[in-house]
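Let's take a walk through this fold, strand by strand and then out to a helix. Have the structure open as you read.

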Amino acid sequence: MIKVLMVCTGNICRSPMAEFVLRDMVQRAGLAGQIQVDSAGISDEEVGNAVSRGTVDMMKQHKIPHDARRPARHITADDLSSFDYLLAMDHNHMRYMERRAVNGSGMMEMFLSDAAKKGTVTREDVPDPWYDGQYARTYDLVTKGCAAFLERLRAEHQI
């Protein structure tokens, strides 16, 4: 089982959006038994809170299965070692994970790195829609990031 963790600040906007989108892509590709997707935040400020309304609205608009009541959670030391891929939504999240990395930590990288290599995005960070309300822009970036990452996973793992 390939385990993927999406990481953002509070685990209520970007990372759950990426979790739901990638999980849907994995399901549609018939790979649900081979790829597990989850998400977490680097801050404990939102722990226990539900997914943001803007993220839920984007999921509904694009008919992406989601769990709007799923409580936000904080990334743990176990996450760093048990997930194969830890994908940071911005450089702050990456630095947080790198500071806590130990031997055996999963591969940590920027969420948009594969999409940037493909040329489908021109940025490295996914802006936080909590502050600017631009959930549609976030959805566009997340969708491109997930598609490029899944393509890479399929090639690397020959699935």
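This is a predicted model: local features need pLDDT of at least 70, side-chain atom pairs count only at pLDDT 80 or more; totals for chains, interfaces and linings use all residues.

**The sheet and its helices**

Strand β1 (residues 2-8) and β2 run parallel and are joined by seven bridges. Residues are numbered from 1 along each chain as its sequence is written, and side-chain values use heavy atoms, with hydrogens and water left out. As for the labels, helices (H or I, at least four residues) and strands (E, at least two) are DSSP runs, numbered from the N terminus.

Now step back to the whole sheet. Four strands make it up, open and parallel, in the order β2-β1-β3-β4; two strands count as paired if DSSP finds at least two bridges between them. At the edges sit β2 (35-41) and β4 (107-110), each pairing on one side only. From one strand to the next, the twist averages 25° (axes are lines fitted to C-alpha atoms, for helices over the stretch in contact, and angles run from 0 to 180 degrees between N-to-C directions).

Helix α1 (residues 14-28) packs on this sheet and touches β1 and β2, its direction making about 175° with that of β2; contact here means heavy atoms within 4.5 Å. Helix α4 (residues 91-100) packs on the sheet too, touching β1, β3 (85-88) and β4, at about 160° to the direction of β4.

Moving along to β3, four bridges tie β1 to β3 in parallel, with valine 7 opposite alanine 88. On to β4: four bridges join β3 to β4, again parallel. Alanine 88 stands opposite methionine 110 there, and the chain gets from β3 to β4 through α4 in a right-handed β-α-β crossover (with the strands pointing away from the viewer, the path from the first strand over the helix to the second runs clockwise). Leucine 87 has glutamate 109 of β4 as its bridge partner.

Which way do the β3 side chains go? Tyr85 and Leu87 point one way, Leu86 and Ala88 the other, and all are buried (under 20% relative accessible area, with exposed over 50% and partly exposed in between, using a 1.4 Å probe and protein chains only). In a regular strand the side chains alternate between the two faces of the sheet.

**Helix α7**

Finally, look at α7 (residues 135-157). Its 23 residues should span 33 Å at 1.5 Å a residue, and the end C-alpha atoms are 32 Å apart, which agrees; the expected span is 1.5 Å times one less than the number of residues. Buried residues in α7 include Tyr135, Leu141, Phe149 and Arg152. After α7 comes glutamine 158, with a positive phi near 50°.
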